[in-house]
Amino acid sequence: MKKIYAWEPWFFMFFGIFHLHRIWGLIDRASYAGFWLGILENKGAVYFILMGVLALLCVCGIAVFIRNRKNNHWWRWIYIFGGGYLLFDLFAIAIELKVWNDLMMFMFDVDSPYWNVVWGFFVALGAFVFCLGARLLKQRRAQADQLYT
């Protein structure tokens with residue numbers, strides 16, 4: 001039986017909630033963009049704590065994928081692709097890669113006709129990932145129940 005680690009459902013639910021917070025951007029573009037651009041430009045304690053937690057979670061997910069490479073669940077590929085993307089994103093932001101900065105400025109352009117498409121995609125992704133985490137939690141509990149019966 002393929003094991004679901006106790007922290008994995010919470011991993012997905014955390015990232016789901018993190019993406020779902022972008023509903024705020026669909027409701028109030030200016031305050032959402034202002035908040036995140038302020039975090040990105042100031043690079044204060046909140047920035048480093050958030051980036052550190054996100055990077056640590058991605059590295060842990062990738063390690064679990066590699067450790068279980070012969071016996072993985074389909075959804076662990078999210079660790080590789082999502083985690084790899086996020087680690088690149090964090091690296092590009094940290095080194096202030098110009099093309100990435102331009103992309104970020106495009107994403108946070110409150111007058112962009114693509115605003116709802118961009119942030120709506122992240123909201124939909126968050127809903128999917130959160131539901132995946134809830135499903136994994138249910139499966140994990142069912143696995144635990146089987147072990148004790």
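Accessible areas here come from the Shrake-Rupley method with a 1.4 Å probe, and for residues only the protein chains shown count as cover.

**Stop 1: the whole chain**

This is a predicted model, in which local features need pLDDT of at least 70, side-chain atom pairs count only at pLDDT 80 or more, and totals for chains, interfaces and linings use all residues. Residues are numbered from 1 along each chain as its sequence is written, and side-chain values use heavy atoms, with hydrogens and water left out.

The C-alpha trace spans about 55 × 30 × 25 Å along its principal axes.

Now switch to a cartoon view. The chain has seven helices and zero strands. Helices (H or I, at least four residues) and strands (E, at least two) are DSSP runs, numbered from the N terminus.

How much of the chain is buried? Of the 149 residues, 38% count as buried. Buried means under 20% relative accessible area, exposed means over 50%, and partly exposed lies in between (1.4 Å probe, protein chains only).

**Stop 2: α4 against α5**

Select residues 45–67, which are helix α4. The axes of α4 and α5 come within 9 Å and cross at roughly 145°. Axes are lines fitted to C-alpha atoms, for helices over the stretch in contact, and angles run from 0 to 180 degrees between N-to-C directions. The crossing is left-handed. That term applies if the near helix is turned anticlockwise from the far one by less than a right angle; clockwise would be right-handed.

Display the side chains. Residues of α4, among them Tyr47, Met51, Leu54 and Phe65, meet residues of α5, including Trp77, Tyr79, Leu87 and Ile93. Contact means heavy atoms within 4.5 Å.

**Stop 3: the salt bridges**

Side chains of opposite charge can pair when their charged atoms come close. How many salt bridges does the structure hold? It holds three. A salt bridge is a side-chain nitrogen of Lys or Arg within 4 Å of a carboxyl oxygen of Asp or Glu.

Select glutamate 8 and arginine 76. Their side chains meet in a salt bridge, at 2.8 Å from N to O. The pair links distant parts of the chain, 68 residues apart. Glutamate 8 is in helix α1 (residues 8–20), and arginine 76 is in the loop between α4 and α5. Glutamate 8 is buried, at 0% relative accessible area. Arginine 76 is also buried, at 0%.

Next, pick glutamate 96 and lysine 43. The closest N and O atoms of this salt bridge are 3.8 Å apart. Glutamate 96 sits in the loop between α5 and α6, and lysine 43 in the loop between α3 (29–42) and α4. These residues are 53 apart in the chain. Glutamate 96 is exposed, at 57%, whereas lysine 43 is partly exposed, at 24%.

Finish with aspartate 102 and lysine 98. Their closest N and O atoms are 3.0 Å apart. They are separated by about one helical turn because they lie four residues apart in helix α6. Aspartate 102 is partly exposed, at 39%. Lysine 98 is exposed, at 59%.

**Stop 4: a nonpolar patch**

Show the surface. Which residues form a nonpolar patch there? Phe88, Phe91, Ile95, Leu97 and Val99 do, with about 460 Å² of accessible area together. Patches are made of residues with over 30% relative accessible area and no salt bridge; like charges are joined within 9 Å, and nonpolar side chains (Val, Leu, Ile, Met, Phe, Trp, Tyr) within 5 Å.

Zoom in on leucine 97. Leucine 97 is partly exposed, at 31%.
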